[in-house]
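Here is a short briefing on one protein model. Look at the sequence and the fold, then read on.

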Amino acid sequence: MTNLQNLQKKLLHHGPEQLAAEELLAVFIGTVGYKGMGKPSDRASKIWQYCNCSWQELAYLSPEEMKNLVGINERQAVIMKAAFEMGKRRLALENPKNVVRSSGDAYLLLKPHYLDSVKEDFYVIYLNRGNRVLKIERESSGGLSGTVVDVKLIIRRALALRATSLIVSHNHPSGNTQASEEDKALTKVIQNACNYMDMKLLDHIIYCGSEWLSFADENLL
């Protein structure tokens with residue numbers, strides 16, 4: 001019995017949660033099939049190390065970038081991206097609420113959007129008078145340590161959607177939950193723009209993986 005068959009048997013009899021990350025990758029690589037590149041376990045180990053042992057970094061790779069990895073062909077890259085997308089959509093379905101009552105509600109709505117991001121992105125949740133979500137959109141995307149935000153575009157979009165309030169958010173890929181002085185200054189600019197247009201900025205959420213910072217909860221608004 002091959003190493004791959006042992007892993008498949010382990011998954012069937014004990015469940016996928018019993019497989020280590022590299023073993024899950026080996027099952028995927030071996031099942032899809034790719035000849036001439038060595039054992040699935042060896043290829044999986046190289047891929048896992050390349051991605052710094054991070055599902056997030058692997059998920060963020062484009063199909064073209066995945067094809068450059070050892071033992072990944074175009075078909076595998078497409079299937080892997082589809083698998084990650086299915087995971088994101090499942091996560092989104094686990095939070096069917098479309099009304100924001102707390103920073104926790106906003107965090108859960110934003111989580112699927114930030115799930116695969118290793119760079120700083122800026123999202124806006126547009127809401128109506130009843131705090132029901134009209135739209136969640138990415139306003140900008142930047143590098144590892146910052147992104148440029150155009151407040152005029154945010155307000156223009158809010159007016160187009162007839163939103164009466166909004167929640168802005170960005171992630172800190174570093175995992176640091178502290179708000180920088182730049183974060184505070186940008187929040188004030190957005191808040192003033194909202195007030196001028198008779199809209200309300202409800203919160204600014206800084207997403208940090210399993211944690212978040214809420215400007216509203218911390219009395220920073």
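How many aromatic pairs does the structure hold? The structure holds 5 aromatic pairs. This is a predicted model, where local features need pLDDT of at least 70, side-chain atom pairs count only at pLDDT 80 or more, and totals for chains, interfaces and linings use all residues. Residues are numbered from 1 along each chain as its sequence is written, and side-chain values use heavy atoms, with hydrogens and water left out.

**The whole chain**

- The protein chain has 9 helices and 5 strands. Helices (H or I, at least four residues) and strands (E, at least two) are DSSP runs, numbered from the N terminus.
- Along the sequence, the pattern is α-α-α-α-α-α-α-β-β-α-β-α-β-β.
- Of the 221 residues in the protein chain, 39% are buried. Buried means under 20% relative accessible area, exposed means over 50%, and partly exposed lies in between (1.4 Å probe, protein chains only).
- Take the contacts in the protein chain between residues at least 6 apart in sequence: 57% of them join residues at least 24 apart. Contact means heavy atoms within 4.5 Å.

**Helix 1**

- Helix 1 covers residues 3-14, which is 12 residues.
- From first C-alpha to last, helix 1 reaches 16 Å, close to the 16 Å expected at 1.5 Å a residue. The expected span is 1.5 Å times one less than the number of residues.
- Glycine 15 follows helix 1, and its phi is positive, near 95 degrees.

**The aromatic pairs**

- Rings of Phe, Tyr and Trp (its six-membered ring) pair if their centres lie within 6.5 Å. Planes under 30 degrees apart count as stacked, over 60 as edge-to-face, and the rest as tilted.
- Why is the pair of tyrosine 107 and tyrosine 207 stacked? The ring centres of tyrosine 107 and tyrosine 207 are 5.5 Å apart and the planes are at 20 degrees, so the pair is stacked.
- This pair links distant parts of the chain. Tyrosine 107 is in helix 7 (residues 103-114), and tyrosine 207 is in strand 4 (residues 200-208), 100 residues apart.
- Tyrosine 107 counts as buried at 5% relative accessibility. Tyrosine 207 counts as buried at 7%.
- Tyrosine 114 and tyrosine 123 have ring centres 5.1 Å apart and planes at 85 degrees, so this pair is edge-to-face. Both tyrosine 114 and tyrosine 123 are buried.
- One aromatic cluster is formed by Tyr107, Tyr114, Tyr123, Tyr207 and Trp212.

- The 5 strands make an open sheet with mixed pairing, in the order 2-1-3-4-5. Two strands pair if DSSP finds at least two bridges between them.
- The edge strands are strand 2 (133-141) and strand 5 (211-214), and each pairs on one side only.
- Strands of a sheet pair through backbone hydrogen bonds, either parallel or antiparallel.
- Strand 3 and strand 4 pair in the parallel sense over 7 bridges. Leucine 166 has leucine 201, in strand 4, as its bridge partner.

**Histidine 170**

- Histidine 170 sits in strand 3 (residues 165-171). Is histidine 170 buried or exposed? Histidine 170 is buried, with a relative accessible area of 2%.
- The side chain of histidine 170 makes a polar contact of 3.2 Å with the side chain of aspartate 183. Another polar contact, of 2.9 Å, joins the side chains of histidine 170 and histidine 204.
- A polar contact is a pair of N or O atoms within 3.5 Å. Within protein, one must be able to donate a hydrogen and the other to accept it, and residues adjacent in sequence count only if both atoms are side-chain atoms.
- Leaving aside neighbours within four places in sequence, histidine 170 has contacts including Tyr114, Phe122 and Tyr207.

**Tryptophan 55**

- Tryptophan 55 belongs to helix 4 (residues 55-60). Tryptophan 55 is partly exposed, with a relative accessible area of 36%.
- Not counting residues up to four places away in sequence, tryptophan 55 touches Ala21, Leu24, Leu25, Trp48 and Phe84.

**Asparagine 131**

- Asparagine 131 lies in the loop between strand 1 (121-127) and strand 2. Asparagine 131 is partly exposed, at 21% relative accessible area.
- Asparagine 131 and leucine 202 are 71 residues apart in sequence, and 9.6 Å apart in space, C-alpha to C-alpha.
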